[in-house]
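Good morning, colleagues. Please look at the sequence and the model on the screen, and I shall then take you through a few of its features.

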Amino acid sequence: MQSSSDLNFYLIPGMGANRRLYENYKLPGNIHHLEWVYTESAKTLGDYAKFLSQKITTQNNILIGSSMGGMMAVELSHIVRPVLTVLISAPTGRHQFPRALKILDAIGLHKRMKPKTMFKLTRLCDTFMGFKSSEQKSLFYQMMETNGPDFLHYSVNAVLGWKNTSPPHGSFVQILGDQDRLFSSDKIANARILRGSGHFSTYEKATEICAIIAEETEKITRMS
């Protein structure tokens, strides 16, 4: 039987976030943080996945991604073939996008917007993040400030233009707040539902999510 100490957890934050999103995570294995770094060579999520995959040099990997980080985990899974992919507040593909995101992509305003202009509109995130406290809200915008306008511009264009409809490679689980205003359980079948939580579930429900991951990890180790 595979030991949990052999497992490598790669944590990928959401758009505009960083490792602080996972500061309360306790997982049964080795934790690695994949941080966002702006690179002009990446135009799509697939491009960035190729760039990021070079940082994964271990075996027995579990990918954990939140929101855009979940989309990146899907793309990475097709390259590094992990033993498990965990998507938090994230779709497996464009077919699980809400109608609003598809409309925004069709309008294409984001493609004509300059990075600094787009960055000024970040407060619109209040409409769907579902912050439960001023501390959560402050943390989110502090993280976004760290990543800066160029990365935000890349992120918005890459997410809205994401064409993937293939599920992650191998085993995967989706975890979703029942109050998520961006990705609804109506479009995501068989998701593990977090009661009373919105799109900021990754941070807000760390203990519950870690318990789900530990449960799914146990299934993997029993099968190995």
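Predicted model: local features only at pLDDT ≥ 70, side-chain atom pairs only at ≥ 80, totals over all residues.

**The largest pocket and its surroundings**

The largest pocket is lined by 37 residues, and those nearest its centre are M15, L104, C125, F128 and V156. The volume of the largest pocket comes to about 950 Å³.

What classes of residue make up the lining of the largest pocket? There are 28 nonpolar residues, eight polar ones and one charged one. At least two residues of this lining are supplied by each of helix 2, helix 3, helix 4, helix 6, helix 7 and helix 8. Helix 7 provides the largest share, namely six residues.

Is H110 buried or exposed? H110 counts as buried, because its relative accessible area is 6%, below the 20% cut-off. Leaving aside residues up to four places away in sequence, H110 touches L104, D105, M118, H153, V156, N157 and L160. Two of these neighbours, L104 and V156, are also among the residues nearest the centre of the largest pocket.

I come now to a pair of helices. In general, two packed helices are described by the angle between their axes and the distance between the axes. For helix 2, residues 68-80, and helix 7, residues 134-160, the axes come within 11 Å and cross at roughly 65°. The crossing of helix 2 with helix 7 is left-handed. Which residues meet there? From helix 2 they are M68, M71 and M72, and from helix 7 they are F151, Y154, S155 and V159. Six residues of this contact are nonpolar, one is polar and none is charged.

My last point concerns P82, located in the loop that joins helix 2 to strand 4, the latter being residues 84-88. P82 is buried, since its relative accessible area is 6%, which is under 20%. Which residues does P82 touch, if those up to four places away in sequence are not counted? They are N61, L63, S77 and H169. P82 and I62 are 20 residues apart in sequence, yet their C-alpha atoms are 5.6 Å apart in space.

Thank you for your attention.

Key. Residues numbered from 1 in each chain as written. Heavy atoms only, no water. Axes fitted to C-alpha atoms, helices over the stretch in contact; angles between N-to-C directions. Helix = DSSP H or I, 4+ residues; strand = E, 2+ residues; numbered from the N terminus. Left-handed = near helix turned anticlockwise from the far one by under 90°. Contact = heavy atoms within 4.5 Å. Nonpolar A, V, L, I, M, F, W, Y, C, P; charged D, E, K, R; others polar. Buried < 20%, exposed > 50% of the residue type's maximum accessible area, 1.4 Å probe, protein only. 1 Å grid on protein atoms, 1.4 Å probe; cavity = no way out; pocket = protein on both sides within 12 Å on 5 of 7 lines; lining within 4 Å. Points joined across faces, edges and corners; volume = space filled by probe spheres on them.
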